[in-house]
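This briefing is meant to be read with the structure open beside it. Please look for each residue as it is named, and follow the topics in order.

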Amino acid sequence: MATVQTVLGPVDASALGPTLSHVHLTLDILCWYMEPPDPALRALAAKPLCLENLGLARRNGLMVRDNLIQNDVALTIREVAELARAGGKTLIDMELPGIGRDVAALVRIARETGLHVVASTGFYTQASHPPEVAALDAGALTDLMVRELEVGIGDTGVRAGNIGEIGCSGMPDAPCLPDEEKVLRAASRASRACRRSGAR
Ligand SMILES: [Zn+2]
């Protein structure tokens, strides 16, 4: 019987129902911040999202720092509750260390909406990598991902049930960056290791 690991424990795959397989329930993509060249615009870009900089955010969403963070969990819950009302059952969250993964928030969202929520492991593009990615080799990164899949994320006791989204800058026009290749290899090895051990 195939099971999927959600933040509240394993669920039979046949019970997943309608699933959104790539969502960002919380988000921090400051790694994508595009600093405006003009000093006046830079000052606007540093302010919390407000009427003054809304036009700038609408012209280029990456130019206002506050526009790159979504950590309002109550807002997320209100929005995904609509999905639950419409018959949705499962969300695969793609947040990772460096882009706003918040395991406690995922648990809260699952509890308050009744949706199955799956957490992820891995690392996104190099601009978002926390310092340990540069310090670890592919083998150690594999071990880290396997631990998150089979044991738990940090000391939360919550296991990841998915690998991704793995970030490759420049693709498909340019090769990915060296640490991204390392992460890609680790993600592939972690996937193979978990298939062998039967962890889902
Ligand atoms: Zn994504």
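This is a predicted model: local features need pLDDT of at least 70, side-chain atom pairs count only at pLDDT 80 or more; totals for chains, interfaces and linings use all residues.

**A guided look at selected residues**

Pro-172 is exposed, because its relative accessible area is 74%, and this proline is found in the loop between β9 and α7.

**Salt bridges**

- Side chains of opposite charge can pair when their charged atoms come close.
- The side chains of Arg-101 and Glu-148 meet in a salt bridge, with a distance of 2.9 Å from N to O.
- Are Arg-101 and Glu-148 buried or exposed? Both Arg-101 and Glu-148 are buried.
- Another salt bridge joins Arg-108 to Glu-112, whose side chains meet at 3.1 Å, again given from N to O. Both of these residues lie in helix α4, where they are four residues apart, or about one turn of the helix.
- Arg-108 counts as partly exposed because its relative accessibility is 35%, a value between the limits of 20% and 50%. Glu-112 is partly exposed as well, with a relative accessible area of 49%.
- Glu-52 forms a salt bridge with Lys-47, and the closest N and O atoms of this pair are 2.9 Å apart. Glu-52 is exposed, with a relative accessible area of 53%, whereas Lys-47, at 33% relative accessibility, counts as partly exposed.

**A patch of positive charge**

- Which residues gather in a patch of positive charge on the surface? They are Arg-189, Arg-192, Arg-195 and Arg-196.
- One of these, Arg-192, has its place in helix α7 (residues 178-197). Arg-192 is partly exposed, with a relative accessible area of 45%.

**The loop between β9 and α7**

- Most residues other than glycine have a negative phi, and most peptide bonds are trans.
- A cis peptide bond, however, joins Gly-164 and Glu-165, and its omega is about 0 degrees. Glu-165 is found in the loop between β9 (162-163) and α7, and Pro-172 is found in the loop between β9 and α7 too.
- Pro-172 and Glu-148 are 24 residues apart in sequence, and their C-alpha atoms are 29 Å apart in space.

**Two buried residues**

- Val-107 is found in helix α4 (residues 103-113). Val-107 counts as buried because its relative accessible area is 13%, which is under the limit of 20%.
- Leaving aside neighbours within four places in sequence, Val-107 is in contact with Val-7, Leu-8 and Val-158.
- The C-alpha atoms of Val-107 and Tyr-33 are separated by 28 Å, and these two residues are 74 residues apart along the chain.
- Pro-130 has its place in the loop between β8 (120-121) and α5 (131-135). Pro-130 is buried, with a relative accessible area of 15%.
- When neighbours within four places in sequence are left aside, Pro-130 is in contact with Pro-97, Gly-98 and Phe-123.
- Pro-130 and Ser-169 are 39 residues apart along the chain, and a separation of 16 Å lies between their C-alpha atoms.

**A partly exposed lysine**

- Lys-89 is found in the loop between α3 (73-85) and β6. At 41% relative accessibility, this lysine counts as partly exposed.
- Which residues does Lys-89 touch, not counting residues up to four places away in sequence? Lys-89 touches Leu-16, Gly-17, Pro-18, Leu-115 and His-116.
- The C-alpha atoms of Lys-89 and Leu-115 are separated by 5.2 Å, although the two residues are 26 residues apart along the chain.

Terms used. Residues are numbered from 1 along each chain as its sequence is written. Side-chain values use heavy atoms; hydrogens and water are left out. Patches are made of residues with over 30% relative accessible area and no salt bridge: like charges are joined within 9 Å, nonpolar side chains (Val, Leu, Ile, Met, Phe, Trp, Tyr) within 5 Å. Accessible areas come from the Shrake-Rupley method with a 1.4 Å probe; for residues, only the protein chains shown count as cover. A salt bridge is a side-chain nitrogen of Lys or Arg within 4 Å of a carboxyl oxygen of Asp or Glu. Lys and Arg count as positive and Asp and Glu as negative; His and the chain ends are not counted. The place of a charge is taken as NZ of Lys, CZ of Arg, CG of Asp or CD of Glu. Buried means under 20% relative accessible area, exposed over 50%, partly exposed in between (1.4 Å probe, protein chains only). Contact means heavy atoms within 4.5 Å.
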